[in-house]
Amino acid sequence: MFNFIIFGPPGSGKGTQSIKIAEKYNLAHISTGDIFRKNIREKTELGHKVKSIIESGELVPDELLIDILEDAMNQHANVKGFVFDGFPRTCRQASDFDDLLNKRNEKVSLVLALDVDDNEIIGRLLKRAEMEGRPDDTKEVIENRLSVYNKQTQPLIKFYTKQNKFTSVSGIGSVEDIFNSICAVIDSL
Ligand code: ADP
């Protein structure tokens, strides 16, 4: 199984690249953000629980994540692996995830970050706000999401570097160029 984590700040292009990677390498794409947005749209109990948290740019509590992940993985039997997009986002999630994968006799194969600086991120997210109108893409919420990322998610770089699984490519450039750099890393494994 190829268990690939795509990593990086909000707006770094994880979603766009994940879809392309999943298609090329025949992997299932699991985006926790998409799962939450679907639950909010469908007004499920989970959607109700997370709506205001997401709209404020904070993280959904760790306790909720691992079951959601396990569930999502179980919905794809017989795949060659996964692209995890937006998960894990905290150290607790990363260590719960290692336990979950262990239990399934699997492991994280690679964590690849898209490197994009804060100014570029803010510009991109404000533009996305105009186009898609996501309620968590207002200026205040964007700033909060970045600070949450820096405080709670950035430390995972150390976690996965220690496991010798972390690498990064530049997230600036055309979608195709970035995709090609990611493929070059995967193909070199
Ligand atoms: P982006 O990374 O572009 O900001 P996502 O679609 O990945 O957007 O996530 C949107 C929101 O969903 C996050 O700001 C957070 O509130 C929530 N969320 C998604 N994944 C997680 C996670 N692994 N842990 C906690 N909250 C999450």
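1. Helices (H or I, at least four residues) and strands (E, at least two) are taken here as DSSP runs, numbered from the N terminus. Helix 5 is followed by Asn-105, a residue whose phi is positive, near 60°.

2. This is a predicted model, in which local features need pLDDT of at least 70 and side-chain atom pairs count only at pLDDT 80 or more, while totals for chains, interfaces and linings use all residues. Residues are numbered from 1 along each chain as its sequence is written, and side-chain values use heavy atoms, with hydrogens and water left out.

3. The length of helix 5 (residues 91-103) agrees with expectation, because its 13 residues at 1.5 Å a residue should span 18 Å and its end C-alpha atoms are 18 Å apart; the expected span is 1.5 Å times one less than the number of residues. Its buried residues (under 20% relative accessible area, where exposed is over 50% and partly exposed in between, with a 1.4 Å probe and protein chains only) are Gln-93, Ala-94, Asp-96, Phe-97, Asp-98, Leu-100 and Leu-101. What covers these buried residues includes strand 1 (2-7), helix 4 (62-74), strand 3 (81-85) and helix 8 (156-162).

4. Phe-36, leaving aside its neighbours within four places in sequence, is in contact with Leu-46, Val-50, Ile-54, Val-60, Leu-65 and Ile-68, contact being heavy atoms within 4.5 Å.

5. Grid points are joined across faces, edges and corners, and a volume is the space filled by probe spheres set on the points.

6. The largest pocket has a volume of about 1100 Å³, and of its 46 lining residues the closest to its centre are Pro-10, Gly-11, Arg-128, Arg-134 and Arg-145. Helix 6 (118-132) is among the elements that give two or more residues to this lining, and helix 6 gives the most, with 8 residues.

7. The second largest pocket holds about 240 Å³ of space, and the residues lining it include His-29, Asp-34, Lys-38, Ile-68 and His-76. The elements giving two or more residues to its lining are strand 2, helix 2 (32-41) and helix 4, and the largest share, 4 residues, comes from helix 2.

8. A search of the whole structure finds 1 cavity of 30 Å³ or more, and the largest cavity has a volume of about 90 Å³. The 13 residues lining the largest cavity include Gly-8, Lys-14, Gly-86, Arg-89 and Thr-153, which lie nearest its centre, and the largest share of this lining, 3 residues, comes from strand 1.

Key:
On a 1 Å grid over the protein atoms alone, a cavity is a set of points where a 1.4 Å probe fits but cannot get out, and a pocket is an open set with protein on both sides within 12 Å along at least five of seven lines; lining residues have an atom within 4 Å of a point.
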